[in-house]
Amino acid sequence: MELPEMDDLSAEDKDAYLSEDILAMRSVEFLENHWGTTPESIVLDLGWYAPPGRTGAYRLTVLHGNWENVAFTIEDANQYTIRDAIDKILLDLSSGIPPQEISWGAHDG
């Protein structure tokens, strides 16, 4: 779903679509006879964070296993920047690039 520009969102839409829990994806692998996750699974976590008195931004975090192993974080208020980052991250991961080696230019964190 594409959202209108932030200034055009109603308070109800902001409450419905902009939260700390927008998206969470965890990698799976084939484990002997079934698909599942492991302690080393890669996690993409997306949320909207708006500190008091500030406009807010999306925060996309890539973890390797858990929150103690953050590979990198990208913060940007532009939904298209985040969409493009997710596309690139998924392409890189599916190509076998480890999360710590993925580059996102000026947004590397």
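Reader: Which residue stands opposite Val43 in β4?
Author: Arg26 does. Arg26 belongs to strand β1 (residues 23-26). Keep in mind that this is a predicted model.

Reader: What makes β1 and β4 a pair?
Author: The count of bridges. A pair needs at least two bridges. Four bridges join β1 to β4, so they count as paired. The two strands run antiparallel.

Reader: How do you know that β4 and β5 pair?
Author: At least two bridges are needed, and β4 and strand β5 (residues 57-64) have eight, so they pair. Their sense is antiparallel. In one example, Trp48 stands opposite Tyr58 in β5.

Reader: Which strand does β5 join through six bridges?
Author: Strand β6 (residues 70-76), and the two run antiparallel. β5 and β6 form a hairpin with five residues between the strands. In that hairpin, Gly65 takes a positive phi near 100 degrees.

Reader: Why is β4 called largely enclosed?
Author: Because eight of its eight residues are buried. Ile42, Leu44, Leu46 and Trp48 point one way from β4. Val43, Asp45, Gly47 and Tyr49 point the other way. Both sets are buried.

Reader: How confident is the predictor in β4?
Author: In the protein chain, confidence is highest in β4 (residues 42-49), at a mean of 93. Confidence is lowest in helix α1 (residues 11-17), at a mean of 67. The chain averages a pLDDT of 83, and 81% of the residues score at least 70.

Reader: Why is Asp92 called buried?
Author: Buried means under 20% relative accessible area. Asp92 has 11%, so it counts as buried. Asp92 is found in helix α2 (residues 79-94).

Reader: Which residues does Asp92 touch, leaving out those up to four places away in sequence?
Author: Ile97 and Ile102.

Reader: What makes Trp35 exposed?
Author: Exposed means over 50%. Trp35 has a relative accessible area of 59%, so it is exposed. Trp35 is found in strand β3 (residues 34-36).

Reader: Why is Phe30 called partly exposed?
Author: Its value falls between the two cut-offs, 20% and 50%. At 46% relative accessibility, Phe30 therefore counts as partly exposed. Phe30 lies in strand β2 (residues 29-31).

Reader: What do Val28, Phe30 and Trp35 form together?
Author: A nonpolar patch on the surface, with about 370 Å² of accessible area together. Patch residues need over 30% relative accessible area. Phe30, at 46%, passes that cut-off. Trp35, at 59%, passes it too. Trp35 also touches Val28, Glu29 and Phe30, not counting residues up to four places away in sequence.

Reader: How many helices and strands does the protein chain have?
Author: Two helices and six strands. Along the sequence, the pattern reads α-β-β-β-β-β-β-α.

Reader: What share of the protein chain counts as buried?
Author: Of its 109 residues, 34%. The chain exposes about 7,200 Å², and carbon and sulfur atoms supply 49% of that area.

Reader: What share of the contacts join residues at least 24 apart?
Author: 36%, among contacts between residues at least 6 apart in sequence.

Technical notes
Residues numbered from 1 in each chain as written. Predicted model: local features only at pLDDT ≥ 70, side-chain atom pairs only at ≥ 80, totals over all residues. Heavy atoms only, no water. Buried < 20%, exposed > 50% of the residue type's maximum accessible area, 1.4 Å probe, protein only. Contact = heavy atoms within 4.5 Å. pLDDT = per-residue confidence, 0-100. Patch = residues over 30% accessible without salt bridge, like charges linked within 9 Å, V, L, I, M, F, W, Y side chains within 5 Å. Areas by Shrake-Rupley, 256 points an atom, 1.4 Å probe, with all protein chains shown as cover. Salt bridge = Lys/Arg side-chain N within 4 Å of Asp/Glu carboxyl O.
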